[in-house]
Amino acid sequence: MTAARREIAIEALKSLVSGAYPWKTGPARRLKLWSDVPATSRPACFMFEGGQETYSWNEGATPKRAIDLKLFVYLNAKDPAVIGATLINDVMDALDDAFALSGADLAMGRNTLGGAVHHCRIDGKTLKDPGDLDGDALLIVPVKLILP
């Protein structure tokens, strides 16, 4: 039963990220290499689930599980008129908007992904490579899902 809750949570995150930006590819749950994602298929988003999963226990018998995922975003900055950092900033602004609290979540102070998780947030340091040297811009965004 625990695995099903994980899948529900991850699919809810995928739905949130899907509507955050006009992706040409993804978000997909299987990470691809740069060479497998042509510039014409970007912006592309991949959810990497190879991060850590931790358990924390309080006085009760039910642990909180924290699942760390990473969003890998590939952007096309090969056009000399395109500034890769601007593309990255646009994606980050869109993700910030998508993860913003509203409605019942705002009242609770946490993003529940429609009740699929206890809390979901961008959590940690992002990695930004604007692609100034090769035109391949990269953004890696850490996301934490906390399941009850």
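Tutor: Happy to! Strands here are DSSP runs of E with at least two residues, numbered from the N terminus. Please keep in mind that this is a predicted model.

Let us begin with Asp-136, which sits in strand β7, spanning residues 136-147. Asp-136 has a relative accessible area of 15%; buried means under 20%, so Asp-136 counts as buried. Its side chain makes a polar contact of 3.2 Å with the side chain of Lys-78. Setting aside neighbours within four places in sequence, Asp-136 touches Trp-34, Arg-42, Leu-75, Lys-78, Asp-129 and Gly-131.

Trp-34 leads us on to the aromatic rings. Across the whole structure there are four aromatic pairs. In one of them, the ring centres of Trp-34 and Tyr-74 are 4.1 Å apart with planes at 20°, so this pair is stacked. Trp-34 belongs to the loop between β1 and β2, while Tyr-74 belongs to strand β4, so the pair links parts 40 residues apart in sequence. Trp-34 is partly exposed at 28% relative accessibility, whereas Tyr-74 is buried at 4%.

Another pair is Phe-48 with Phe-72: their centres are 6.0 Å apart and their planes at 80°, so they meet edge-to-face. Phe-48 is in strand β2 and Phe-72 in strand β4, so parts 24 residues apart in sequence are tied together. Phe-48 is partly exposed at 33% relative accessibility, and Phe-72 is buried at 15%.

Finally, back to Trp-34: together with Phe-46 and Tyr-74, Trp-34 forms one aromatic cluster.

Technical notes:
Residues are numbered from 1 along each chain as its sequence is written. This is a predicted model: local features need pLDDT of at least 70, side-chain atom pairs count only at pLDDT 80 or more; totals for chains, interfaces and linings use all residues. Side-chain values use heavy atoms; hydrogens and water are left out. Helices (H or I, at least four residues) and strands (E, at least two) are DSSP runs, numbered from the N terminus. Buried means under 20% relative accessible area, exposed over 50%, partly exposed in between (1.4 Å probe, protein chains only). A polar contact is a pair of N or O atoms within 3.5 Å; within protein, one must be able to donate a hydrogen and the other to accept it, and residues adjacent in sequence count only if both atoms are side-chain atoms. Contact means heavy atoms within 4.5 Å. Rings of Phe, Tyr and Trp (its six-membered ring) pair if their centres lie within 6.5 Å; planes under 30 degrees apart count as stacked, over 60 as edge-to-face and the rest as tilted.
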